[in-house]
Amino acid sequence: MAKVKYYYDSDTLSYKKVVLRKRDKFKRFLVFFLGAVSFGLIFMFISFQFVESPKEKAQKRELENLKLRYGLLDKKMAQIETVLDGIQQRDNDIYRLYFEANPIPEEQRKAGFGGVNRYKSLEGFENSEMIIDVTRKMDVLSKQLYIQSKSLDEIISLAEDKEKLLASIPAIQPVNNEDLTRMASGYGWRSDPFTKARKMHKGMDFTAPTGTPVYASGNGVVYRADNRASGFGNHIEIDHGYGYKTIYAHLSKYNVKKGQKVKRGDLIGFVGNTGRSSGPHLHYEVHKNGKAINPINFYYGNLTPDEFEEMLKMAAQEGQSFD
């Protein structure tokens, strides 16, 4: 119940009840209402500025957690970059060098992304700089990993080709040491057994009894097996690929035919004395890109260091060849 207010009337010397007009009541109500509204707005403003709601607290915790995770992610990417740098260095300095491939330039490995702004959609947020930085690093790492992956694919291909090359290069003596009478003549200028004139001897002669096994010195395909080449008599020519060919001359008979694939160590024929020959022996030649080269450099596959040293001495002696 509202309080009744009185005022003192000096004319009547008595107290009279205060009676408010409707206009005054409305004014008072309006003042009270505006005051309440103003106080409420001020309270809400202070609350929004200094007091966090439960939702805001949860969002703040989530944001701090995200920042922490971004920090950990950044450290992990730094570790990945260090490991990747090591792989790239080994790739250039060991793998690609060994397989005779050109190193990948540093600027190609580390190149960024040109053109349009790839991160425009990430701009305008409170933590845009952090998000863009992490995203950019991820993009660069992804590109480097792609380049490294392609490089390793190339290395695998080169390794497979290198394996084929190593298996194809002539690498063993075509006649076993225990089957030899002696190594009669080496590569170089020698005396012709028929004319006695000095001429270039383009191979090595291995004296052995007729019928001694002759072996392929590397993987390849029999290019020819006939007696139609001047002076060679029955002979075999093997194409090893990669520019290498070998010739096995003066054979008594063949154990292969033209077009046949052979592997290093396969029996291909037998020592003989056919063609222009002064006695049973094998004349053996190695050709690289159509040019005869010294076979002495291609016996690392089945000779010991001492045996190889002895062969070098014998091959260096100038004497008479057997063909």
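Trainee: Is Tyr-248 buried or exposed?
Mentor: Keep in mind that this is a predicted model. Buried means under 20% relative accessible area. Tyr-248 has 0% relative accessibility, so the residue counts as buried.

Trainee: How many aromatic pairs does the structure hold?
Mentor: Tyr-248 has a ring that pairs with the ring of Tyr-284. As for the count in the structure, the number of aromatic pairs is 1.

Trainee: How are the rings of Tyr-248 and Tyr-284 arranged: stacked, edge-to-face or tilted?
Mentor: A pair of aromatic rings is described by the distance of the centres and the angle of the planes. Here the centres of the Tyr-248 and Tyr-284 rings are 5.3 Å apart, and the planes stand at 45 degrees. Planes under 30 degrees apart count as stacked, and those over 60 as edge-to-face. The angle of 45 degrees therefore makes the pair tilted.

Trainee: Which strands hold the two rings, Tyr-248 and Tyr-284?
Mentor: The pair links distant parts of the chain, 36 residues apart. Tyr-284 is buried too, at 0% relative accessibility. Tyr-248 is in strand E10, and Tyr-284 is in strand E14.

Trainee: Which residues have the most contacts inside the largest nonpolar core?
Mentor: In soluble globular proteins, nonpolar side chains tend to be buried together. The largest nonpolar core in this model has 25 residues. Those with the most contacts inside it are Val-214, Ile-236, Tyr-248, Ile-268 and Leu-282.

Trainee: Which element gives the largest share of this core?
Mentor: Strands E6 (204-207), E9 (235-241), E10 (244-249), E13 (267-271) and E14 (281-288) each give two or more residues. The largest share is 3 residues, and it comes from E14.

Trainee: Which residues does Val-214 touch, beyond those up to four places away in sequence?
Mentor: Val-214 is among the core residues with the most contacts inside the core. Its partners include Pro-174, Val-175, Leu-251 and Asp-266. Val-214 also touches Tyr-248, Leu-267, Ile-268, Gly-269, Phe-270, Val-271 and Leu-282.

Trainee: What share of the contacts between residues at least 6 apart joins residues at least 24 apart?
Mentor: The protein has 5 helices and 15 strands. Of its 323 residues, 32% count as buried. Among the contacts you ask about, the share is 65%.

Trainee: Is Gln-144 buried or exposed?
Mentor: Gln-144 sits in helix H4 (residues 128-168). Leaving aside neighbours within four places in sequence, Gln-144 contacts Leu-84, Gln-88, Arg-109 and Lys-110. Its relative accessibility is 6%, so Gln-144 counts as buried.

Trainee: What distance separates the C-alpha atoms of Gln-144 and Gln-108?
Mentor: Along the chain, Gln-144 and Gln-108 are 36 residues apart.

Trainee: What accessible area does the nonpolar surface patch with Leu-30 have?
Mentor: Leu-30 is found in helix H1 (residues 22-50). This residue is partly exposed, with a relative accessible area of 37%. Other patch members include Phe-26, Phe-33, Val-37 and Met-44. Together, the residues of the patch have about 1100 Å².

Trainee: What is the phi of Asn-289?
Mentor: Asn-289 lies in the loop between E14 and strand E15 (291-293). Asn-289 is exposed, at 60% relative accessible area. Although the residue is not a glycine, its phi is positive, about 55 degrees.

Trainee: And what is the phi of Tyr-242?
Mentor: Tyr-242 is found in the loop between E9 and E10. Tyr-242 is partly exposed, with a relative accessible area of 32%. Not a glycine, Tyr-242 has a positive phi of about 60 degrees.

Notes: Residues numbered from 1 in each chain as written. Predicted model: local features only at pLDDT ≥ 70, side-chain atom pairs only at ≥ 80, totals over all residues. Heavy atoms only, no water. Patch = residues over 30% accessible without salt bridge, like charges linked within 9 Å, V, L, I, M, F, W, Y side chains within 5 Å. Areas by Shrake-Rupley, 256 points an atom, 1.4 Å probe, with all protein chains shown as cover. Salt bridge = Lys/Arg side-chain N within 4 Å of Asp/Glu carboxyl O. Helix = DSSP H or I, 4+ residues; strand = E, 2+ residues; numbered from the N terminus. Buried < 20%, exposed > 50% of the residue type's maximum accessible area, 1.4 Å probe, protein only. Core = buried A, V, L, I, M, F, W, Y, C linked by side-chain atoms within 4.5 Å. Contact = heavy atoms within 4.5 Å. Phe/Tyr/Trp six-rings, centres within 6.5 Å; stacked < 30°, edge-to-face > 60°.
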